[in-house]
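Grab a pencil and have the viewer open.

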Amino acid sequence: MTFSFIPSLPAWAIRIAKGFMPQDKNAKAKKAVRRTCGSGSLARRKALPSPPRRLRAFAATLPAGRSTSANRLTAVRSLLLFLGKENADIPLSSITATMMHRYVSALTGRGVCRNTAACYLRSLRAVYNAAVRAGIITDTKPFRDCFTGNAVTTKRAITSADIRRLSQPALPEGSFLRLSQDIFLFSFYAQGIPLVDLAHLRTSHIRKGMLVYCRRKTGREVRVRLEPCMRQILQRYASPSSPYLFPILERGDYSSFLSYYNRSLKQLAKMAGVSSTLTSYVPRHSWASIAYARDVPLPVIAKAMGHADTQTTLTYLAEINDKRVERANRKVLREIVAPIVERWNKIHLKSHAKLILIIYICQTFF
């Protein structure tokens with residue numbers, strides 16, 4: 001709206017007058033377009049491509065790290081597979097609460113664990129919310145009644161006895177099973193180094209008898225002294241033609257290796273007589289839990305694992321043994337209750353002695 005009919009008013013008066021004028025209903029949308037597209041001509045702004053209005057296409061346009069993008073696209077594929085549109089796409093506006101409930105029920109029926117289903121839902125919700133912010137769809141809150149948290153699950157740690165059993169099978173040199181065994185043990189020996197960090201280890205990460213690397217997830221530096229058991233494994237895979245310490249990335253895609261590795265660990269567990277399910281996460285959880293059981297302080301464990309705080313480390317620890325809690329409680333109560341019990345015992349003994357004396361007198365003189 002223009003103010004050409006009041007040209008004599010100063011700028012500040014015009015601004016005040018604008019405040020009382022009826023606002024354009026699309027003012028916020030126009031302001032968002034100007035902020036996004038700049039102050040160029042309207043024709044140039046119209047020439048910009050509008051965001052896709054379909055799920056798969058829109059998800060592919062969202063910026064994120066490699067891991068986040070992979071998780072997001074995996075969740076989208078899972079939903080489209082459930083809808084029978086694996087090679088197609090669906091409108092973002094078709095996502096409803098009913099669809100999500102049916103999707104979760106289908107995942108549960110296929111044996112997908114609750115946390116995995118929640119991970120899919122979080123990724124889909126992130127895509128949906130981004131579409132809402134972009135103004136593509138109206139938020140109908142299709143995820144409001146879905147579980148998107150992290151359920152408490154059985155910890156992935158195994159015992160030190162299990163670690164020893166896994167090191168015992170003599171496997172053929174050069175076999176993938178032997179490589180899986182060595183990687184699992186090295187991951188444990190190296191303070192629970194994650195597989196993705198282990199896969200990217202290079203010879204340049206060894207400095208003055210120390211293994212020094214930065215976590216790919218957090219960027220925090222971790223230092224591990226190379227012990228003889230670790231050197232022995234590294235020597236088996238040392239190659240002058242490769243910069244890597246382990247032949248993982250040279251074999252192809254990391255995701256494919258991870259899949260083969262986890263399957264191989266199940267075979268290794270069966271051979272070693274370990275009943276627990278082994279995955280690439282087990283060495284890390286096990287190292288933290290065993291260190292904690294040996295009374296290693298929590299801050300030391302956190303530093304060894306490259307955690308920013310001990311709260312993260314707590315998620316890696318196995319449930320504290322009930323007997324350990326009982327011993328701790330007994331130790332606390334001993335200082336408080338022991339004097340009371342001792343005093344009661346003295347009173348009780350005195351009373352007991354008096355009773356015996358009375359009985360003796362009665363039997364003797366009566």
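**Exercise 1.** Over residues 35-47, under what value does pLDDT stay, and how many contacts beyond four places in sequence does the model have for them?

*Solution.* First, the ground rules. This is a predicted model, where local features need pLDDT of at least 70, side-chain atom pairs count only at pLDDT 80 or more, and totals for chains, interfaces and linings use all residues. Residues are numbered from 1 along each chain as its sequence is written, and side-chain values use heavy atoms, with hydrogens and water left out.

Next, pLDDT is the predictor's confidence in each residue, from 0 to 100. Over residues 35-47 it stays under 50, and the model has 10 contacts (heavy atoms within 4.5 Å) beyond four places in sequence for this stretch. For residues 1-6, pLDDT is also under 50, with 5 such contacts. As for the chain, its average pLDDT is 81, and 75% of the residues score at least 70.

**Exercise 2.** Work out the strand order of the sheet and the sense of its pairing.

*Solution.* Start with the inventory: 16 helices and 3 strands, taken as DSSP runs (helices H or I, at least four residues; strands E, at least two) and numbered from the N terminus. The 3 strands make an open, antiparallel sheet ordered β1-β2-β3. Two strands pair if DSSP finds at least two bridges between them.

Now go pair by pair. β1 and β2 are joined by 2 bridges, and isoleucine 206 has leucine 211 of β2 as its bridge partner. β2 (residues 210-214) and β3 share 5 bridges; here leucine 211 stands opposite valine 224, and valine 212 partners arginine 223.

**Exercise 3.** Describe how α9 and α12 pack.

*Solution.* Helix α9 (residues 176-189) meets helix α12 (residues 254-272) at about 90 degrees, with axes 9 Å apart. The two helices are therefore roughly perpendicular (65 to 115 degrees, on a scale from 0 to 180 between N-to-C directions, with axes fitted to C-alpha atoms over the stretch in contact). Contact residues include Phe176 and Ile183 of α9 and Tyr260 and Leu268 of α12. By class, there are 11 nonpolar, 4 polar and no charged residues (nonpolar is Ala, Val, Leu, Ile, Met, Phe, Trp, Tyr, Cys and Pro; charged is Asp, Glu, Lys and Arg; the others, Gly among them, are polar).

Methods
Parallel < 35°, antiparallel > 145°, perpendicular 65-115°, else oblique.
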